[in-house]
Structure formats: C-alpha cells, structure tokens
Amino acid sequence: MSKQEQHWEKTRNLLFITLAIWFVFSIGIFLFGAEMQESNIRPFGYPLTYWFTCQGSLAIFVILIFWFAGRQEKIDDEFGFSEREGDK
Amino acid sequence: MIKGKFIDNLPKVYGIYTGGFLVFIILMAIAEQAGMSAKLIGIFFVAFTVLIYALIGWLSRTLQVDAYYVAGRQVPTVFNGMATAADWMSGASFVAMAGGIYFKGYGYMALLVGWTGGYVLVASLLAPYLRKFGCYTVPDFIGTRYGGNLARFSAVIVLTVASFTYVTAQINATGTIASVALDIPFGIAVYVGLASILMCSMLGGMRAVTWTQVAQYIVLIIAYLLPVFWISSKLGAGFFPHFMLADEVARIAELEGQFGFVKNSAADLATVPKGLAGITKAHSSVNATPWAFISLAVCMMAGTASLPHVMMRYFTTPSVRTARRSVGWSLFFIFLLYSSAPMLATLSKLSLIDPTLPTGIIGKTIAEVQAIDWYQNWNQANLMFISDFNGNGTLELNEFFMGGKAVVLATPEIAGLPYVISGLVAAGGMAAAMSTADGLVLAISNALSHDIYYKIINPKAETAKRLIVARVLLVLIGFAGATIAALEIQGILGSVIWAFDFAMSGLFFPLVLGVWWKRANAPGAVAGMLLGLISGTAYLIWVRSGGSGFLGITQLTFGIVGAAVSLVSMIVVSLITAAPDAATQKMVDDVRVPSGKTVLAQK
C-alpha cells in the first residue's frame with residue numbers, strides 16, 4: 001500500500017469515529033428523548049433531554065470538531081503531508 | 001504593506017473597536033438618564049453601527065480578484081470563525097429563535113441541535129478538502145471536479161434557488177428593524193436596509209464582507225448576551241443563567257401544571273391578531289415524536305453542510321489546517337448565542353407567567369394589565385394581546401398572546417431594563433440580518449460572475465471587467481431580493497428552513513461524494529443535483545397544495561425526499577456511465593492530501 005493510501009485509510013477511519021460520535025449526540029439520544037427526560041441524571045439540575053438540546057449536544061459538537069482537527073493534524077504530520085510555508 | 005500590517009494587528013484593531021462600542025453604550029445610557037428620548041436612542045444605535053460597517057466596507061475596497069473572491073486567503077482562524085458565525089446567524093437566529101423555543105419547546109429545539117451539529121459534517125466531510133481545492137465558489141468546485149459546463153451550471157441553479165430563498169428573508173428582517181428603529185415605512189426601510197448591505201460588500205467583495213462580519217459579530221453577541229445576563233441577575237435567577245436556571249425551568253413546569261393548558265374555541269381565537277400565539281406547549285417536556293425531532297435536525301445538518309455562503313468562508317483561510325480549526329471556532333462563537341436562546345426563553349416566560357414576581361401578569365385583573373406601560377407599547381406594535389375569553393375579569397394563561405419576536409425585543413423592557421438595552425438589541429438584530437444578507441448576496445453574485453460569466457460566457461475577460469460584472473450583479477441581485485422582500489409574501493423563519501432543504505436536496509451528495517467517492521462522475525452529479533432539486537421542490541409544492549405527504553415528511557423537512565432522490569440517482573447514473581478519466585482521479589487524490597499547491601494552482 002502506498003503512503004498516500006495509508007494516509008487516506010487513517011483519515012477515513014477518523015471520519016468514521018467522528019461521525020459515529022456525531023450520530024450519537026445529534027440523532028441517537030433523541031430516539032430516547034422521553035425516556036431520558038425521566039432519568040435521575042440531571043446536569044446542573046436540568047431535565048436530561050432538555051439539557052442536551054440546550055447545551056449538551058451543542059457543546060459536544062464544539063469539542064468534537066477541535067478533537068477531530070487535532071487528530072487529523074497528527075495523521076497528516078505522521079505521513080509528512082502537513083502544509084509547509086509556501087504552500088499556496 | 002498596509003494590508004499585511006492590518007492582519008497582524010487584528011486583535012488590537014478589534015479590541016479597540018469593542019472598547020469603543022462599549023463606551024458608546026455607556027454614553028447612550030448616560031444620555032438616557034439625561035432625558036434623551038427612546039426614539040432618538042434607537043436611531044443613534046442603528047445609524048452609528050451601520051455607518052461603522054460602511055466605513056469598514058469602504059476601507060476594504062479592492063481591485064484584485066483574489067481579494068474580491070476569497071479575501072486574499074489570509075483570514076486568521078479565530079477571526080474567520082467570528083465572521084462565519086455572523087454570516088451564519090441571521091435575523092431569524094437573533095430575533096425569532098428564542099421566540100420559537102418559548103412557544104414550541106422541545107419540537108423546536110431540533111433546530112438548535114441541527115444548526116450546530118451540521119458543523120461536524122462541514123469540518124469532517126467538506127471544508128478542508130474544498131480549501132485544498134483552491135476554488136473561488138462552490139460551483140467552481142463542482143465544475144472542476146466533475147468537468148463540464150452542465151455540472152457547473154446545475155450547481156449555480158441550486159445555489160441560486162437556496163440562497164435567494166434565504167436572502168429575501170434577511171432583507172425583510174433588515175427592513176423590519178430599520179422601519180421600527182428609524183420610524184420609516186417598511187416599503188422604504190427595505191431599501192435603506194439594502195443600501196446598508198451593499199455598502200459593506202460592493203467595493204471590497206469577500207474582503208470587505210469578512211471584516212464587516214467580524215465587527216457585526218461583536219455587536220450582535222454583546223447585544224444578545226448582555227440582556228440575558230442582566231435579566232437573570234435582576235430576577236434573582238443567578239448571575240450565570242446557563243448553569244443556574246434549573247429551578248426556574250422546574251417552576252415553569254409547576255405553574256403550567258397549576259394553570260393547565262385550556263384550549264380556546266375557534267371563535268375566540270379568531271379575535272386574536274394574526275401572527276400572535278399563546279402558550280400551548282409545555283416548556284421543557286418532550287413534546288415531539290423522535291422522528292419529528294430527528295428528521296428536522298437531519299435536514300438542518302445536511303443543509304448546513306450544503307449552503308454555499310457558509311462553505312465559501314472556509315476558502316478564505318491561509319491553509320487547510322486553519323480551515324479545519326476555523327470550523328471549530330465558528331461553532332464555538334455560534335454556541336455562545338445558541339446556548340443563550342433557551343435561557344432567554346425561560347427567563348422571559350417565567351417573568352410573565354409567575355404571579356409571585358412583580359412582572360408576572362397571569363392572575364392579575366385585565367384592567368390592571370391593560371394599564372401597564374410596556375403592555376400598551378407592545379400591544380400597539382401588534383406583538384402582544386390579551387382578551388378576557390371567560391369573562392371572569394382576571395387574565396388566564398390561555399388569554400395571553402404574544403408575537404415570537406417579542407421574546408427578544410420586549411423582555412428587556414418587561415424586566416425593567418433601561419431603554420438603552422432595547423436600542424442595543426435593535427442594533428444587534430440589524431447586524432445579524434445584514435451580515436447574513438451580505439454573505440448570501442455575495443455567494444449568488446460571485447457564482448454568477450465567476451462561474452457563468454467568466455468560466456462559461458467569456459473566459460478571456462480581463463480582471464477589471466470581471467470585477468465590474470461582479471459588482472453590477474451584486475447590486476442587481478440585491479435589488480431583486482429587496483423587491484421580493486417588500487412584497488412580504490413569506491415569514492422569515494419558514495423561508496430560512498426552506499433554504500436549508502433546497503440546498504440539501506441539490507448539493508449535499510454531489511459535494512460530499514465529489515471528495516469521498518472517486519467513481520462519481522459528471523452525468524451522475526448533474527442527475528443528483530437536478531433530480532434532487534426537482535423532486536424536493538415537487539414534494540414541497542405537493543404538500544403545500546394540500547397533499548398528505550408520506551413518512552411524516554412535512555414542508556419543513558422536504559429536503560429528506562430531495563436528498564434521497566439525489567443520492568440514488570447520482571450513484572445509479574455514475575455507475576451506468578463511464579468512470580472519470582485518470583486526470584480527474586488524480587485530482588481527487590490531490591484534494592485528499594493537505595500539503596502542496598492547491599489543485600487549481602497545479603492545473
């Protein structure tokens with residue numbers, strides 16, 4: 001496998017992990033909205049589903065994107081595909 | 001070079017700007033104490049901020065193609081994040097969102113989740129790859145990746161349909177705010193709004209829009225957060241509302257149980273002015289089916305990843321790496337406002353319905369409420385209405401009606417904040433609507449000038465001529481949008497959601513598969529774009545004209561139909577026609593590697 005194929009395979013795996021986390025907090029948990037609302041887990045005292053729609057999912061997306069960007073940069077560095085000065 | 005210096009000095013420049021704006025607010029507050037009229041304060045706020053944007057627009061004028069289309073590709077990560085957040089958060093986010101949450105509760109929160117979750121798709125599937133591609137516009141990517149004018153042209157069609165639906169709503173919003181703040185008729189205010197929008201974008205294109213959008217973000221976020229924190233402290237709900245409103249949310253649920261949701265008769269409802277609504281849904285309980293929630297969220301997420309005015313912001317960063325990080329910053333700046341909207345809705349509702357609070361009106365006598373100053377003001381503005389349906393002389397929950405905009409616009413006044421805050425909120429709403437309108441008008445006119453005029457009609461056009469064409473188109477599109485906005489045929493929020501569905505129907509899969517599926521070819525992409533857009537539109541028309549729809553897909557989620565058709569037709573047509581040539585496959589390989597020159601620069 002060429003260097004570029006390996007790089008792409010790692011990139012694709014990272015995409016799948018990212019999209020799996022994204023799926024859980026944008027779609028997955030809302031399949032159980034009514035059940036979660038009754039849960040005893042109450043972040044800052046808010047009902048659980050309500051909290052996810054107000055803050056929880058939103059904040060997780062922000063963190064997820066920064067985490068994803070960091071991981072992708074590591075992959076690019078590993079294969080020497082990071083941009084250097086003068087790349088335009 | 002002055003420009004290089006400007007980029008290095010950005011934190012300082014915008015730091016001074018923010019400080020200056022805060023001083024302006026304090027000066028206005030002092031002027032209010034000294035007896036300046038509410039009307040004059042409103043005029044000062046809107047006029048002052050709009051003039052600043054126009055000044056930035058004029059200072060950023062340019063005669064270079066690179067600066068006009070992609071701001072010279074040197075916008076730093078964090079500032080591009082702010083500009084994108086302003087580009088993204090429209091008049092609907094600023095003025096209408098808290099109201100939607102106030103009235104519809106959980107079912108509406110799908111929009112919050114969708115409008116933020118979409119950025120994960122932008123960051124992981126598209127933005128860095130399109131940045132590597134080095135294109136000026138979204139159709140530029142489609143046209144070069146798939147090859148052929150038909151693909152490019154189809155992309156321009158989808159872009160124009162989606163963005164134009166969106167922009168009329170934004171020009172409408174600038175007109176609404178300008179007409180209230182400056183006290184001029186709506187028909188004229190729309191063109192005042194348009195003139196302000198064009199001043200920001202015409203001379204400097206993307207470069208001017210970038211720097212005005214950063215300035216607009218600063219105004220709109222101060223204008224949104226300051227009242228939320230202030231009201232929360234004033235009500236004694238806590239100095240940091242986001243973490244401290246659990247008791248208030250529980251109290252609203254308790255009051256809802258106590259009052260009950262009494263259903264009004266159709267005859268009674270007919271007396272309520274158009275556009276106003278009562279509280280008929282529980283504030284925090286799960287009141288929508290999983291499918292209703294998820295389908296709306298999915299449409300908003302896929303739409304986010306397909307809307308060209310957002311995508312093109314990531315063409316302006318210096319590198320692929322910064323494009324990726326910039327998406328994170330964009331979402332962070334959006335999060336600041338979106339996570340505050342439910343808090344504002346909670347504070348607004350509690351202060352109105354809790355009889356134990358001095359501002360609470362439920363349980364008071366009708367005559368008492370009618371005598372309140374702010375009630376009279378907002379009743380006159382057609383945003384509040386009470387009526388004694390059961391004739392018992394006291395106001396019940398089901399007898400109180402309000403417009404969605406009132407949650408953002410009226411709550412400061414209800415909570416007893418000084419008028420200077422209302423002026424600030426008007427300036428914030430204006431900033432939100434203007435910044436989005438600018439991004440959209442520029443996206444459409446850039447696609448027409450670059451992709452239709454330069455790439456298809458006259459590839460030999462000189463730089464000067466291309467930029468003149470771009471500016472003429474910008475003005476024409478602005479006027480077309482304002483003319484339609486002046487007709488007031490559609491509500492702001494409904495047309496914004498439609499824009500997402502249109503974009504998702506036609507562009508989502510052609511964009512994503514262009515990067516992630518090498519086998520995708522031009523006939524497949526054209527089929528995906530056109531059949532997707534046509535089937536989505538057909539479904540919308542069918543449901544609008546009384547059709548029953550299927551699978552619970554409504555006129556707000558028709559993008560699901562469009563995108564499904566788009567995906568299937570794109571795959572089928574791609575597979576039954578020839579694979580893309582070696583040069584195209586090589587191009588896709590190059591897009592996937594961050595280092596090296598942009599794909600277009602290699603050609």
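Predicted model: local features only at pLDDT ≥ 70, side-chain atom pairs only at ≥ 80, totals over all residues.
What distance separates the centres of domain 1 of chain B and domain 2 of chain B, taken over C-alpha atoms? The centres lie 32 Å apart.

**Chain B as a whole**

Along the principal axes, the C-alpha trace of chain B spans about 80 × 55 × 40 Å. Of the 603 residues in chain B, 56% are buried. Among contacts in chain B with a separation of 6 or more, 83% are between residues 24 or more positions apart.

**The two domains**

Next, colour the two domains of chain B separately. Domain 1 is made up of 37-49, 76-238, 284-343 and 419-499, while domain 2 is made up of 246-283 and 347-414. Where they meet, 22 residues of domain 1 of chain B are in contact with 21 residues of domain 2 of chain B.

Now highlight helix 6 (91-104), helix 11 (205-234) and helix 22 (419-457) of chain B; each supplies at least two residues of the side of domain 1 that touches domain 2. Helix 6 of chain B gives the most to that side, with 9 residues. By class, this side of domain 1 has 13 nonpolar, 8 polar and 1 charged residues.

**Where chain A meets chain B**

Bring chain A into view. Here, 41 residues of chain A are in contact with 45 residues of chain B. Select helix 1 (3-26), helix 2 (33-37) and helix 3 (48-78) of chain A, the elements that give two or more residues to the side touching chain B. The largest share of that side, 18 residues, comes from helix 3 of chain A. The side of chain A that touches chain B divides into 23 nonpolar, 12 polar and 6 charged residues.

**The nonpolar core**

Finally, show side chains for Ile65(A), Leu126(B), Leu130(B), Leu220(B) and Met430(B). These residues have the most contacts inside the largest nonpolar core, which has 230 residues. Domain 1 and domain 2 of chain B both give residues to this core, so the core lies between them.

Which residues does Leu130(B) touch, not counting residues up to four places away in sequence? Centre the view on Leu130(B) to find Cys135(B), Phe141(B), Met311(B), Tyr314(B) and Phe315(B).

Methods:
Residues numbered from 1 in each chain as written. Chains lettered and ligands numbered in written order. Buried ≥ 20, exposed ≤ 12 C-beta atoms within 10 Å, placed from the backbone. Contact = placed C-beta atoms within 7 Å. Domains from an automatic or database assignment. Helix = DSSP H or I, 4+ residues; strand = E, 2+ residues; numbered from the N terminus. Nonpolar A, V, L, I, M, F, W, Y, C, P; charged D, E, K, R; others polar. Core = buried A, V, L, I, M, F, W, Y, C linked by C-beta atoms within 7 Å.
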